[in-house]
Amino acid sequence: IDVSGGPKLKQYGKHRESCLFANLPNYTLRGADASGGVFLRTDWQIQGYSLEQADVIEKHASSFPLNAFESILKQLQKLAPELHTVHFLRYLNSLYHDNYSAALENLHRYFDYSSGRYEIALLCLGMMHFHFGHPKQALEVLTEAVQVSQQVLFGGRWWVEGDRCFVRDGGGGGAVVRSSSELLNNNTQSDDNCLAYTLTAISNLLSEIGALNATGILRSSYSPFSSIGTSLSVQQQLFILLTRSLKRAESLKLKRLVASNHLAIAKFDLTHVQRPLLSFGPKASMKLRTLPPNVCKELRLCSHLITEFGTESSIMTTEGALSTSWLKNLKKPRGSLVLSQENVSGSDTFYFCAQQSSIPGSVQQLLGSSYLVRATSWEMYGSATLARINALAFATCYADTSSSADLALAYAKLIQHLALSKGYKEAFAGLKIAEEKFLSVSKSRIQLVKLQLLHQRAFHRGHLKLAQRLCDELGTLASLATGVDMELKTEASIRHARTLLAANQFSQAALVAHSLFCMCYKFNLQVENATVLLLFAEIHKRSGNAVLGIPYALASLSFCQSFNLDLLKASATLTLAELWLSLGSSHAKRALYLLHGAFPMIFGHGGLELRARANIAEAKCYLSDPSFSVLEDSEVVLEPLRQASEELEVLESLDFRSQKPSFQLYMLDFCKDL
């Protein structure tokens, strides 16, 4: 097959995504003889080509348009209709370019024409539904896959074609159970394995969609998990599913799936309070808190995969994988082969060129996902330094093997850290680099962080109309489906309420906050509830009802203690101190005591704005204290105000005298209180 060159990809400055997709160079397709004859490609070579393209689509689909690769696949399908893997590649190409109808059609074609089992098709279909934001349909299909796998097992074990799939997760970022290239090439696993992967997929999806949708699925008549018992809470049932999936994977010695389950349990422990499964007997004192040591333990067990994958990889070594390595070597110029200088036979040369990497790509991708979870966990626990280190480790060590979506998430975390600690100027400089590296599509992480930065800057400079427009645009990025993109929907609502609060529209801000609290309660978003309760306290503080705001601040502190949200706890303590100070000068010492207790966390891990708020609040406490004399010790007041001025000027990247930076807004509020 003599394939002509495809359209060239766009290059963005010095930083571009290395996408070696599309076609082989023409010189690799022709023979070395003078007649210029064309070699036929063997099944091994075409299989290797398919594996390579599947990996490229999953990692870099956003870097090239849909039709760039579709035309090549159509030509290949026309010349060799018996190549069923072409249908799967077209499915992947449509899936990662968000073309639902084309993805569904090509997935059906692949399993209609190939020897793939029905339960494997259901597994892929379920993951496709969740990718497009259809969680209920996804769970129904995956539940049917469980039932079909169980029925097949009762009739005897069959070998199946491919039981590996790519499992999406947020946030953040997503856990890789199996890559699609392995799905094309695996023919040594039984329906035991298909059942294990399906159970893991269901557990992960139930963890993502919230308590409301999970309750409907777990308690439905067709659910295979009805035997767990309805007396347990949804969270307890999810935890049981995760542990059962882990035990099944361990019994089948599926190393990658074991690591993926450890990663899923770590994310579960990160946001769920541990509760006893049995509630009878004497009522002993029990602290309802998350357990960070458990999270660290599961992440460490996930990382052990790098030392244990050898056994499984030796089983899974296939002729298609060798063809992939041979194909990459074939793309190199013929005159640059190092081996041409040595006396080795042709067969030895082929074997040497076909050696696989010491660590499979799917293993590196899974390990990279663990670093993203580490970064997210340290963000929640309040350690900005460790969060930044783990994001940097991911971007440095796993950029070549991870998907562009995960890499964009790591860049987004680093840009947000720059905004908090270095100011908007540095953050927008980092954003420019990221935009050159990634293609900015409507729902990409880079576009999301850009809107976040623009809103924050407009909000702090007092450009509230612009801030509201950016907030509305941020909300449009979330899916309309219920239970999908909950993190983005929550953030957009919080930003909307705070923008209304800055415009002194207290009743409207309270309505938005109330609606958000109901949504968080409905979907059991306990961590987000801590932020919403703190928002209620700020609304009451700004509206002059400090007495009503104190219970909300205390409730937020309670949530922060339960979920070990140390930095948010320090912020809630600061708000509580401001509320006490609003009640009069007699509470100045109490407020100052609360502030000093939160200072280590605020000044050790807080951002520029939070540190400036703390400094200004400290100055207010001293000036409000009747026993304090400014004439005797004026530096106690002036020094924190100088620090606040410097930090807010760095945040805005502006001179103190220009464009109404946040420092002037704080000082106006400060003068009003005096």
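Student: What share of the contacts in the chain with a separation of 6 or more comes from residues 24 or more positions apart?
Tutor: Such residues account for 68% of those contacts. The model is a predicted one. Its chain holds 31 helices and two strands, and 53% of its 674 residues count as buried.

Student: What makes Asn 261 buried?
Tutor: The cut-off for buried is under 20% relative accessible area. Asn 261 has 0%, so it is buried. This residue lies in helix α11.

Student: Which residues is Asn 261 in contact with, leaving aside its neighbours within four places in sequence?
Tutor: They are Thr 200, Leu 242, Ser 245, Leu 246 and Ala 249. Leu 242, Ser 245, Leu 246 and Ala 249 are also among the buried residues of α10.

Student: How do you know that the span of helix α10 agrees with what it should be?
Tutor: Helix α10 covers residues 234-251, which is 18 residues. The expected span takes 1.5 Å times one less than the number of residues, which gives 26 Å for α10. The end C-alpha atoms are 26 Å apart, so the two agree.

Student: What follows α10?
Tutor: Lys 253 follows it, with a positive phi near 60°. Lys 253 is a residue other than glycine, and it is in the loop between α10 and α11. Most residues other than glycine have a negative phi.

Student: Why is Lys 253 called exposed?
Tutor: Exposed means over 50% relative accessible area. Lys 253 has 64%, so the word applies.

Student: Where is Asn 504 found, and what makes it count as partly exposed?
Tutor: Asn 504 is in the loop between α23 and α24, and its phi, too, is positive and near 60°. Asn 504 is at 47%, so it counts as partly exposed.

Student: How do you know that the buried residues of α12 line one face of the helix?
Tutor: The buried residues in α12 are Val 295, Glu 298, Leu 299 and Cys 302. Seen down the axis of α12, they fall within an arc of 100°, so they line one face. An α-helix has 3.6 residues a turn, so residues three or four places apart point the same way.

Student: What should the twelve residues of α12 span, and what distance lies between its end C-alpha atoms?
Tutor: At 1.5 Å a residue, residues 292-303 should span 16 Å, and the ends are 17 Å apart, which agrees.

Student: How many aromatic pairs does the structure hold?
Tutor: There are twelve aromatic pairs. One of them is Tyr 100 with Phe 132, at 5.3 Å centre to centre and 90° between the planes. An angle over 60 degrees counts as edge-to-face, and this pair is edge-to-face.

Student: What makes the parts of the chain that this pair links distant?
Tutor: Tyr 100 is in helix α4, while Phe 132 is in the loop between α5 and α6, 32 residues apart. Tyr 100 is partly exposed at 31% relative accessibility, whereas Phe 132, at 18%, is buried.

Student: Why is the pair of Tyr 371 and Tyr 398 called tilted?
Tutor: Planes under 30 degrees apart would be stacked and over 60 edge-to-face, so an angle in between is tilted. This pair has 35° between the planes, with centres 5.5 Å apart. Tyr 371 is in helix α17 and Tyr 398 in the loop between α18 and α19, 27 residues apart.

Student: What charged end sits over the ring of Tyr 371?
Tutor: That of Arg 374 does, 5.0 Å from the ring centre.

Note on methods:
Residues are numbered from 1 along each chain as its sequence is written. This is a predicted model: local features need pLDDT of at least 70, side-chain atom pairs count only at pLDDT 80 or more; totals for chains, interfaces and linings use all residues. Side-chain values use heavy atoms; hydrogens and water are left out. Helices (H or I, at least four residues) and strands (E, at least two) are DSSP runs, numbered from the N terminus. Buried means under 20% relative accessible area, exposed over 50%, partly exposed in between (1.4 Å probe, protein chains only). The arc is that of the directions from the helix axis to the C-beta atoms. Rings of Phe, Tyr and Trp (its six-membered ring) pair if their centres lie within 6.5 Å; planes under 30 degrees apart count as stacked, over 60 as edge-to-face and the rest as tilted. A charge sits over a ring if NZ of Lys or CZ of Arg is within 6 Å of the ring centre and within 35 degrees of the ring normal. Contact means heavy atoms within 4.5 Å.
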